[in-house]
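Please go through these notes with the model open beside you.

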Amino acid sequence: MHSNFIKFELSQGKFKSKIEFSISTNKIIAITGLSGSGKSTIAKVICGLIKPTNGLIKLNNKILYCSNSKKNIPPNLRKIGMVFQEPRLFSHMTVKNNLLYGQRRNTKLDITKLEKIVKILGIKDILDRRTYNLSGGEAQRVSIGRALLSEPDILILDEPLTGLDTPRQNKILSIIKNINKNIKIPILFISHSIDEIIFIAEKIIIIEKGKVAAQGTIDEIISYKKLSYFNKGNQKSSLIKGTILEQDKKQFTSTLDVNGASITTKIINDKIGSSHILKLFSKDISIATIIPKYISINNILETKIYDIKVYKKEGSVDLTLSIGKQKIISEITLKSYKKLKLKKGLKVYALVKAISIVGK
Amino acid sequence: MLSSLEIEALKLSAFIAIVAVSFSIIPGMIIAWIISRKKGIIPSILNIVVYLPLVLPPVVIGYLLLILFSHNGFIGSFLYDHFNISVNFSWKGAAIASAVVSFPLLVRSIKLGFDILDTKIEDAAYMSGASKLDCFFSITIPQILPSIITGITLAFARCLAEFGATITFVSNIPGETQTLPLALYTATQIPGTEQAALRLVIISISLAFISVIIAEILAKRANRHIMGDRN
């Protein structure tokens, strides 16, 4: 059996959860799902802050919880480095003492380790400062450092980028990748943002209504239909995979092949033949039943309507369009939907206004 | 200047207040913690009982103490039979009366500290490997220190002001139970001691003033230690 294995059942009132997955050593695993799906509950159960109804939790070959043998190790002895949404720093201590808080309680004082982690996190200049005047990004980095220095068997990050602006989010994401390279521990990254998890994770677990709905590498879950709804502010989007066909260095564009359809994006600095993941926001995809001639949009894809979902109250319609085996979702108004007389199986042209490259 | 009797009253007042508050701090913190963090019927009842001295007439408290601590009383007989201790008509009784009356102020302040402390911070300490007790001493107490300081100073000031329960419970004996307010009361009862009464009034006001100022300074300092200059 895997050295890191999590399996449990839990019922809290109406909410029922049944989870089972394993974590490969030294890998970054992402748990994602809509809010209320039970992502954070998983973290709390692993930490021991919530006791499941039954199950088995094993980390680094140590059993932390087992309902059969009635074993339940208290949270402080589980050796889990936990980073929460808010940094939760101890404001009566300096940054340095915050960092050493866990280390002092789990192992000998090790200044070399402290220096190593301070370097990875880039917080050397703030060590003597008090925590109340740190910026959000700095505070979260200190919080990650404190967790790492407590010599954990696993690092769990529960939505650690909430409330940070994009440059700071990117910085922390890079730091987490760097940690994974330098300190050999598995990392469990919980987030509702598809961009974050694609950037960071090698394996993705999708949670829906307290259950594992899909898991695998990015390639394996990319076609998961509900992925389109995993976005900040519920801005629907779709992910598709394409391979670079052509690079136009004069006009700064790359052309990718997506199951026979070609998509032009701003230039991707990579080899021809390499594959990339593209994100298309559903609101950026318009529909036409014949190819429009005079239009500024470059990406006009021939697709077939695979599925139609009408939201009467919102006055909007989600069209699932297939490009070969891959699918994208276009969000149009109910009015346009009726005007164009759209039906399942109909051939339509998707006019894609904006595309972003989110991962490899 | 002050007469020897007045100096004695002043010293006694300070001594009794210090003893009363010192013995109240630990039980006060425990009870504040229970009331703030535990749910159920016992904490609710405890909450009401602890606050009672704040709203009861002090004379009622003094009388209840008199019954409980007399040689035939529930607690008094126990103390006398087992430890040969009698608190009646002694400074010990005055300290008990002060402690009881000031206890709600102490508990209220500390409870407020526990109430507003984000328990998520304690969870973070817990997850960093600290035991619950370790977490209490290394995180909780330093975080609520301003509330503890405020509670202690308020309780101390209340002890200095204590009159009704004391005079009912342990009477008004110079050098033993006659604190400042009791000395002032005596002075107001005897013709020709208006000067002495005035001096005692001034001392009382100054003491109250000083203790409140010290409380403010200490609480602000502790707050700055935790929150920076934002407050």
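1. A:Ile285 stands opposite A:Val352 in E20(A). The two strands involved are E16(A) and E20 (residues 347-352) of chain A; four bridges join them, and they run antiparallel. Strands here are DSSP runs of E with at least two residues, helices are runs of H or I with at least four, and both are numbered from the N terminus. Two strands pair if DSSP finds at least two bridges between them.

2. Some ground rules. This is a predicted model, in which local features need pLDDT of at least 70, side-chain atom pairs count only at pLDDT 80 or more, and totals for chains, interfaces and linings use all residues. Residues are numbered from 1 along each chain as its sequence is written, while chains are lettered from A and ligands numbered from 1 in the order in which they are written.

3. Which sheet holds E16(A) and E20(A)? An open one of five strands, in the order E16-E20-E17-E18-E19 (chain A), with antiparallel pairing. Its edge strands are E16 (285-288) and E19 (326-333) of chain A, each of which pairs on one side only. Neighbouring strands are turned by 45° against each other on average, direction ignored. The angles are taken between axes, which are lines fitted to C-alpha atoms (for helices over the stretch in contact), and run from 0 to 180 degrees between N-to-C directions.

4. Chain A has another open sheet of five strands, E14-E13-E12-E15-E21, again with antiparallel pairing. Strands E14 (261-266) and E21 (356-359) of chain A stand at its edges with a single partner strand each, so one side of each has no neighbour in the sheet. The twist averages 50° from one strand to the next. E15 (residues 275-281) of chain A pairs with E21(A) in the antiparallel sense over three bridges. There, A:Leu278 stands opposite A:Ile357.

5. Now look at E4 (residues 54-59) of chain A. E1 (residues 5-12) of chain A pairs with E4(A) in the antiparallel sense over five bridges. In that pairing, A:Leu56 is the bridge partner of A:Lys7. E4(A) is also joined by four bridges to E5 (residues 62-66) of chain A, and these two run antiparallel. A:Lys58 stands opposite A:Ile63 in E5(A).

6. Which residues make up the covered face of E4(A)? A:Gly55, A:Ile57 and A:Leu59 do; A:Asn54, A:Leu56 and A:Lys58 form the uncovered one.

7. E4(A) and E5(A) form a hairpin with two residues between them, and A:Asn60 in the turn has a positive phi of about 50°. A:Asn61 lies in the loop between E4 and E5 of chain A. A:Asn61 is not a glycine, yet its phi is positive, about 65°. Is A:Asn61 buried or exposed? It counts as exposed, because it has 11 C-beta neighbours inside 10 Å. The scale counts other C-beta atoms, placed from the backbone, within 10 Å of a residue's own: 20 or more is buried, 12 or fewer is exposed, and in between is partly exposed.

8. A:Lys209 sits in the loop between strand E10 (203-208) and strand E11 (211-216) of chain A. With 14 C-beta neighbours inside 10 Å, A:Lys209 counts as partly exposed.

9. Chain B has 10 helices and zero strands. Its C-alpha atoms fill a box of roughly 65 × 45 × 30 Å, taken along the principal axes. Of its 231 residues, 39% count as buried.

10. The axes of H1 (residues 4-37) and H5 (residues 91-116) of chain B come within 6 Å and cross at roughly 40°. That makes H1(B) oblique to H5(B). Angles under 35 degrees count as roughly parallel, over 145 as roughly antiparallel, 65 to 115 as roughly perpendicular, and the rest as oblique.

11. Confidence comes last. Chain B has a mean pLDDT of 90, and 99% of its residues reach 70 or more. pLDDT is the predictor's confidence in each residue, from 0 to 100. In chain B the lowest mean, 86, falls in helix H4 (residues 74-83), and the highest, 95, in H5(B). For the complex, the predictor gives an ipTM of 0.81 and a pTM of 0.78.
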